[in-house]
Amino acid sequence: MRKPLFKTSFTLASTLILALSISACGSQNSSENSGAAATVAPTASGQASDTPAAKAPVKISYLTFRVGTHASAKLEEEQIKQFNAKYGKEVEVVVEEIPSDSAYEDKLKILAVSGDVPDVVMGKNGINDILIKGNLVTPFNDYLDKDPEWKAAVGEAALAANTRDGKVWSISDQKQNIGYFYNKEMFEKAGIQPAQTWDEFMSNNEKLKAAGFVPLALMTGENAWTTNLILAALVGTNGEAGNTFMNTLHPTDFNTPEMIQALNMMKTMLEKYTTKDALGAGYANAANAFSQNKAAMIANGPWMIGDFSDPTKSSADFDKKVGVAAYPNNSLISTYEVGYMIGAKTPETRDAAEKFIRFKTGIEGQTIALEYGNVMPVSNEIQPSDALKQKYPLFVESIKLAQQTQVHYQSFDSIVYPNITDAWKSLYPKLVFGQSTAEEIAKELTKIAAKHK
Amino acid sequence: MVRKNKGYITLFLLPTVVLFIIVYAVSIVILFGTSFTEWSSGRKPVFIGLANYIQLFTDDSDFRKSFLNTGVWVLLQSTIHVAIGTVFAIILNMKEFYWKFARTVYMFPNIISGAAVGMLFLCMLNPDFGAVNSIVRLFGNADYAQNWFMDYTTAFFSVTMTWLPYAAVVTILILAEIAAIPESLFESARIDGASELKINFYIILPMLRNIIGTCVILAGTSMLQKMDIIMMTTGGGPGNETMNLPIYIYKTALMENNFGYSNSVGVFLIGFGLVFVLLCRNLFRIGSSQN
């Protein structure tokens with residue numbers, strides 16, 4: 001009699017334990033069940049729980065890739081810290097850290113399919129299009145109308161860049177003015193100055209090579225960033241047609257003479273004027289090649305300036321060797337970041353999300369971004385502090401350069417569909433190893449663009 | 001007794017079955033259903049019949065290349081990889097002085113995450129500072145700069161070498177099976193004058209049929225989900241030279257925002273996996289007696 005009783009009890013107990021362990025896997029509170037998620041408003045929430053009568057802060061979710069060694073990690077941390085100090089009693093930002101840009105993009109796209117996007121979203125690299133098409137975000141028009149000061153701080157041009165059919169879908173937090181950095185010592189030894197024309201640019205490459213230097217820090221892995229900045233400059237400065245192309249959102253026809261010419265020139269640069277590992281290399285390889293005195297030039301934005309005086313990233317006193325230049329034909333890549341979108345669903349969380357975005361993109365947020373991340377503000381009111389000017393004179397040069405240049409165009413990443421951005425890493429080796437001509441690559445790009453839904 | 005046991009079996013299987021239905025079965029049904037639709041992120045699926053499948057088989061060279069690569073990798077993994085693991089297990093079974101050390105060292109690549117292995121190979125095969133090119137340069141060819149992962153002639157081989165030789169899981173499984181073979185069989189063979197080589201060929205290997213079949217299935221199907229190392233090293237390139245079906249699914253879904261089409265590739269991949277498993281089961285008569 002005892003054995004069956006024991007067996008039954010054992011079975012029931014096992015089933016109960018199993019059921020409990022399964023149910024424990026799912027918790028309603030997302031901020032508590034994820035090891036990656038971290039609540040960044042401890043003071044505020046703590047205060048709220050101490051006083052039961054006080055209204056609890058509204059929780060909003062926010063995913064960010066600006067963490068760890070990311071160039072903008074410091075500014076992100078400081079913005080959230082200062083927001084909490086100011087608005088922590090009203091809004092609690094639940095931050096989930098995603099330590100890679102591409103992982104962030106993938107996660108957002110998957111969340112968009114299920115219609116479950118975070119309350120605050122960075123709409124980079126096509127995420128904005130997906131969210132707008134899916135009616136998953138709220139436009140800012142009403143909020144901006146209520147706060148003319150904020151509207152002015154962002155500026156008409158930045159707002160226009162993110163407006164579709166009269167609706168402002170995202171608020172940009174930074175302007176990207178991108179030229180290239182060069183090693184002054186290497187330039188001096190090669191007897192050259194920053195090029196004014198593309199012929200001179202190629203001749204500089206040849207002279208640097210003859211002087212025993214690798215001219216360019218290029219990379220074709222990831223999104224081929226440093227390579228494509230030069231490609232964008234080649235296209236964007238090639239007459240009116242090229243400039244129009246580089247200022248068109250989502251171009252669908254890449255089979256143009258400007259594109260083919262640019263690809264041919266880039267082929268030469270990848271074959272003759274860059275590091276041996278450029279094909280397939282990531283951004284870190286290119287940045288390292290420049291910062292460790294292995295290459296003479298790298299195309300990149302001012303956010304890289306801080307790295308030049310960072311002993312963990314650059315050789316000693318490297319910042320004193322670096323100059324900044326515009327691309328040939330007195331031109332510069334100039335774009336507004338897509339910035340932040342409201343993905344919140346309830347009126348309460350929408351307002352809280354707007355408050356967070358308003359802080360990040362307003363005068364305070366932009367100032368933090370400038371001082372902590374060398375990020376070019378969208379507002380003309382904000383100027384770098386004396387301390388920043390002294391610490392990073394190259395940044396002041398970058399601002400001057402942006403004011404002096406006359407031809408502007410956007411980067412490929414900011415205009416093309418995400419599947420084009422992803423395709424470069426497989427197309428450049430094709431071009432360089434002679435599997436496809438520039439004409440064929442241009443046709444292939446057109447086909448890839450047509451595949452995007 | 002049998003009746004009583006049936007009750008317990010049902011009770012203990014129930015949670016697993018429920019979990020399977022929730023996690024896999026529902027997903028597979030949705031996957032299958034949406035493969036007949038045009039569906040992109042932010043839009044509702046629209047039924048388009050067999051259009052995705054027709055495009056897949058008639059007008060998609062990337063799919064054909066991905067399928068071909070996946071097939072070749074499944075074949076290599078289920079033959080060469082398993083053979084390496086089996087031979088290594090038989091050598092270890094001889095219990096020479098080095099066997100424990102060799103077993104531990106051989107396990108290393110299998111306990112490191114795929115992403116870390118990818119990074120390791122990226123560094124080792126770097127054209128500029130990688131160990132492989134540096135060694136070649138030491139032997140006189142100062143300008144040697146082979147781009148192993150991006151050159152069309154070496155990319156497929158290089159990626160394959162990041163996983164093909166490391167068959168420690170196969171080795172462990174085979175070693176466990178060898179340990180289960182009755183010692184009396186070996187003793188009888190030795191009394192009859194059989195050499196170690198003959199014992200390996202005529203006693204051990206035939207008795208490993210079931211476990212080798214299992215290893216072939218495990219190794220082959222692992223190639224149907226291989227993604228991490230390829231993403232870390234070549235991303236499917238150069239061109240589509242190292243693209244496989246999982247990478248193609250990822251690209252069509254998340255880069256082209258074409259979830260319906262991506263799901264039709266997913267259905268094909270599941271079908272391919274099922275056919276492979278059934279073939280292996282029949283080939284190795286898994287589950288049937290060793291005799």
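The lining of the second largest pocket is made up of 10 nonpolar, 13 polar and 12 charged residues, where Ala, Val, Leu, Ile, Met, Phe, Trp, Tyr, Cys and Pro count as nonpolar, Asp, Glu, Lys and Arg as charged, and the others, Gly among them, as polar. This is a predicted model, in which local features need pLDDT of at least 70 and side-chain atom pairs count only at pLDDT 80 or more, while totals for chains, interfaces and linings use all residues. Residues are numbered from 1 along each chain as its sequence is written, chains are lettered from A and ligands numbered from 1 in the order in which they are written, and side-chain values use heavy atoms, with hydrogens and water left out.

The second largest pocket has a volume of about 760 Å³. A pocket is, on a 1 Å grid over the protein atoms alone, an open set of points with protein on both sides within 12 Å along at least five of seven lines, whereas a cavity is a set of points where a 1.4 Å probe fits but cannot get out, and lining residues have an atom within 4 Å of a point. Grid points are joined across faces, edges and corners, and a volume is the space filled by probe spheres set on the points. Of the 35 residues that line this pocket, A:I448, A:K451, B:D62, B:Y248 and B:E256 are the closest to its centre. With six residues, α22(A) gives the most to the lining; helices (H or I, at least four residues) and strands (E, at least two) are DSSP runs, numbered from the N terminus.

A salt bridge is a side-chain nitrogen of Lys or Arg within 4 Å of a carboxyl oxygen of Asp or Glu. Between chain B and chain A the count is two salt bridges, and seven residue pairs are in polar contact, both residues being at pLDDT 80 or more. A polar contact is a pair of N or O atoms within 3.5 Å; within protein, one must be able to donate a hydrogen and the other to accept it, and residues adjacent in sequence count only if both atoms are side-chain atoms.

The contact (heavy atoms within 4.5 Å) takes 35 residues from chain B and 32 residues from chain A. The two chains bury about 3,100 Å² between them, 60% of it on carbon and sulfur atoms, buried area being the accessible area (1.4 Å probe) that two parts lose on being put together, summed over both.

Over all chains the count comes to 22 salt bridges. One of them joins the side chains of A:K355 and A:E90 at 2.4 Å, N to O. A:K355 lies in helix α17 (residues 347-361) of chain A and A:E90 in the loop between α4 (73-87) and β3 (91-97) of chain A, so the pair ties together parts that are 265 residues apart in sequence.

The structure also holds three cavities of 30 Å³ or more, and two of them are set out here.

| Cavity | Volume | Lining by class |
|---|---|---|
| Largest | about 70 Å³ | four nonpolar, two polar and four charged residues |

Among the residues that line the largest cavity are A:F65, A:R66, A:D173 and A:Y340. For the second largest cavity, the largest share of the lining, four residues, comes from β7(A).
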